[in-house]
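I opened a notebook for a structure I had not looked at before. The entries follow the order in which I looked things up.

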Amino acid sequence: MFDYDGVIVDSLDVFATTFLAASHACGYTGIKTHEQVVRLFDGNFFEKLAQLGLSSDKIDEILRDAYRRKVQKYFTEVAPFQGMHESLNALSGRNVLAVITSNDSQLVWQFLEKEGMACFDEVVGADQERSKVKKIQKIMARYQDLPAIYVGDTKGDMLEGRQAGAVTVAVTWGWHSVEKLTEGTPDYMVHSVAEL
């Protein structure tokens, strides 16, 4: 199981810029910098937003309405990390692959189709469930005979993957530093796409 943003696709600037614009368009100005956006991923993204005082309805307004409208114009600006096609194709020959993301499922599917990345069996985004723990466990229940591995790029990914009972793999080319990832106590840490 793979996180999307920061693992498969180099999207930090686009996500942060778009999220800030969507938040401000919806009247929330409590987050002002890319660094503050990245800190939301120290745990579950939605729980962090709630801790800032945002209601579930306000989060939906920002992400399902404003963010979704705004992200379309940046859609062509993101690209997969170098070597990702090859690594995922190699892995898909021996594994069932899924994306577990805080992003929108349809946007992720659109990107994967645009890039010709047909190796994923499913994408489970925030539009289906906000908890990565629950999303990971849902996939684990479906494939009980297979080992469960979650690949992420944030401390929050590592914490939620571990809580779900998956083996966690931190990638160091994403949104969080090695030091921050270490706080999430990953089972493995990889420093290049080829290492996957």
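Which residues are buried in α8? I noted Lys155, Gly156, Asp157, Met158, Glu160, Gly161 and Ala164 as the buried ones. I keep in mind that this is a predicted model.

**Entry: helix α8**

I placed α8 at residues 155–164 and found it mostly covered, with 7 of its 10 residues buried. I then looked up what does the covering. The cover over the buried residues of α8 includes the helices α7 (132–142) and α9 (178–183). It also includes the strands β5 (149–152) and β6 (167–171). I read on past the helix and came to Gly165, which follows α8 and has a positive phi, near 100°.

**Entry: another positive phi**

I looked up Thr185, where phi is near 45°, a positive value in a residue other than glycine. I noted it because most residues other than glycine have a negative phi. Where does Thr185 sit? I found Thr185 in the loop between α9 and β7, the latter spanning 188–190. Is Thr185 buried, partly exposed or exposed? I have it at 44% relative accessibility; this lies between the 20% and 50% cut-offs, so Thr185 counts as partly exposed.

**Entry: cysteines**

I checked for disulfides and the count came to 0. Cys26 has 11% relative accessibility, and I wrote it down as buried because buried means under 20%. Cys119 is at 9% relative accessibility, so I wrote it down as buried too.

**Entry: the whole chain**

I turned to the protein chain as a whole. How many helices and strands does the protein chain have? I recorded 9 helices and 7 strands. The radius of gyration is 16 Å, close to the 16 Å that the globule rule gives for 196 residues, so I noted the chain as being as compact as a globular protein of that length. For its extent, I have the C-alpha trace spanning about 45 × 35 × 30 Å along the principal axes.

I found that 51% of the 196 residues count as buried. I looked at contacts between residues at least 6 apart in sequence, and 62% of them join residues at least 24 apart.

**Entry: surface and charge**

For charge, I recorded 20 positive and 28 negative side chains. The centres of these two sets lie 6 Å apart.

Key
Residues are numbered from 1 along each chain as its sequence is written. This is a predicted model: local features need pLDDT of at least 70, side-chain atom pairs count only at pLDDT 80 or more; totals for chains, interfaces and linings use all residues. Side-chain values use heavy atoms; hydrogens and water are left out. Helices (H or I, at least four residues) and strands (E, at least two) are DSSP runs, numbered from the N terminus. The radius of gyration is taken over C-alpha atoms; the globule rule is 2.2 Å times the number of residues to the power 0.38. Buried means under 20% relative accessible area, exposed over 50%, partly exposed in between (1.4 Å probe, protein chains only). Contact means heavy atoms within 4.5 Å. Lys and Arg count as positive and Asp and Glu as negative; His and the chain ends are not counted. The place of a charge is taken as NZ of Lys, CZ of Arg, CG of Asp or CD of Glu. A disulfide is a pair of cysteine sulfur atoms within 2.5 Å.
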